[in-house]
Amino acid sequence: MTCPAAYAAGHVLRFVSLSPTTSRESKPMLKRWTPPLAIALISLALVAIPSSAFASTRAAQTADTSDKFGVAIQLLDVATELKDDPRAQSAIVDNIAPGESIERNFRVRNSSTTAQTVVIYTTSASVTDGSFTAGKNAPADALASWAVPAQTEIALEADASADIALTIAIPSDAPEGEQYAALWAEVKSAPDAESNIITANRAGIRMYVSVGAGNGPAAAFSIDSITAARDDAGAPQINAAVTNTGGRAVDIRGTVSLANGPGSLSAGPFELTETTTLAPGESGEVSVTLDDALPNGPWDATLTLTSGLLSEEASATITFPDAGTGDTVVVEDNEPNWLILGGGIVVFLVAFGAFARLWIIRRRTATQP
Amino acid sequence: MRTITRATLALTGAAALTLFAVVPANAVDTVTVAIAEGELGLTTLEAGAALTEATPGADIEGQIAGVEITDARAITGVWAVSVNATAFTNVAAPDDATSMAAAAITYTLGAVTAEGAPVITNVTPDVVLTAVDAEVATATVAGNNSALWTAGLSIAVPAGALAGTYSTTITHSVL
């Protein structure tokens, strides 16, 4: 029994090591593994391109020598499981269990042309009317008071930056659910006899923190209906009603494509004019204004909406009205029909079981002398 | 039977390979990873702004020049700029209730010069500033971008305002 096991282990090792050996067996193995290696190298090269392009943009920006007064903020790290989510690249979107805490680092830069004192603090925030809005300058809100920056004030030379930690500690009696807050870095001009206006400039990082055990509630949204309309200037417009059906806030953006129009015309994709933020359970409207030259239709409109890694698609046949709002088309459920799908799986499993049983019986009969 | 043994061995091998593949992934699975992208910033051309002298009952025009949003985060996302203002206080006696407290400050977003094609919307033409943040511009972005404008200010001085030097704090926020 040990001999086949050793054979299996040796087999595995050759798979992993990729080292060229003179073994007759390993050569084809190496050939088979070369394309993924080449792809990996190519993707490394591709990854390197944006960062160098980014560096040149920064150089172009700093070459500007005019006076400036302001501040910049940057989130420095993201939870490993969220690293592919574009929303997590610029905002803190974690789920934290009651009694637990997380630490995130951020960088503040004095982007002024003179030395300044940068003040760091958190404020409450809310998601209302389709946007994320920060509250007043006090951490009165629960999440805002649980998120504590390691430094609240820092003196920075012109263009100097500092890395600071933010600890978000959730009390063990915190209610479950999603909460919002903003982390701010602010510079404020000193009062002087010449200025009647004291300018305060601040840049912030959004926090969408869900309190709850495990991974927290899932994010989800649905596209409920699509309406063709014309705006006050007479330009064609497509509006869609969307609902946040999950347990996390969503930042909805997306595109609309038109196909099968008059004379087989196709148009788009057109970007939505605005990103709409919806709190769990909230409904809102997303819209896109199109070119005047488009004929009224009918068109097959396909709406593709995303929030982070989520994506929803809906289609409807629409006709632009001559003015005002046209008919609202309720979107058919685009999700797979689970009843049919489940039934299909059951039928498949039964058929597979029957076949396997038949096969075993046939083999037993065949091996019998 | 020999075929079955081989199949079992292949399965065991595959399982072992899966284990080998999973272990190193877990080893690097720390709490956080670094973000390669850059910062979001807001600057104005100057620290502080001056207003001309005013007569009670008249409007004063002023501006905050060079409000610039620099978004180097290299993401598909959003930014929003909001503005708030405190009530005018008397510079000589900041704690006193003043006759200028009710002076309305109207904020007008100037022509926007943008780079990197941020899709800017919600540009409310004239916002009367209060202590609560009012959104003046939001942008849906893809990649690095910037936007620059001059904020026009119109201050309605109440007819009953008393002589004195008054100041207000105007806060621009980008989030």
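Let's start where the chains meet: strand 2 of chain A (residues 77-79) pairs with strand 1 of chain B in the antiparallel sense, over three bridges. Within strand 1 of chain B, B:Thr32 is the bridge partner of A:Ala79. Strands here are DSSP runs of E, at least two residues long, helices are runs of H or I of at least four, and both are numbered from the N terminus; two strands pair if DSSP finds at least two bridges between them.

A word on the model: it is predicted, so to speak, with local features needing pLDDT of at least 70 and side-chain atom pairs counting only at pLDDT 80 or more, while totals for chains, interfaces and linings use all residues. Residues are numbered from 1 along each chain as its sequence is written, and chains are lettered from A and ligands numbered from 1 in the order in which they are written.

The contact as a whole takes 61 residues from chain A and 59 from chain B (C-beta atoms, placed from the backbone, within 7 Å). On the chain B side, strand 12 (166-174) is among the elements that supply at least two residues each, as are helix 1 (2-27) and strand 3 (59-71). Strand 12 of chain B gives the most, with nine residues.

Now to chain A, where an open sheet of four strands runs in the order 17-13-12-20 with antiparallel pairing. Strand 17 (283-289) and strand 20 (325-330) of chain A are at the edges with a single partner strand each, so one side of each has no neighbour in the sheet. Strand 13 (236-244) of chain A pairs with strand 17 of chain A over seven antiparallel bridges, and A:Ala240 has A:Val286 as its bridge partner in strand 17.

Technical notes: Contact = placed C-beta atoms within 7 Å.
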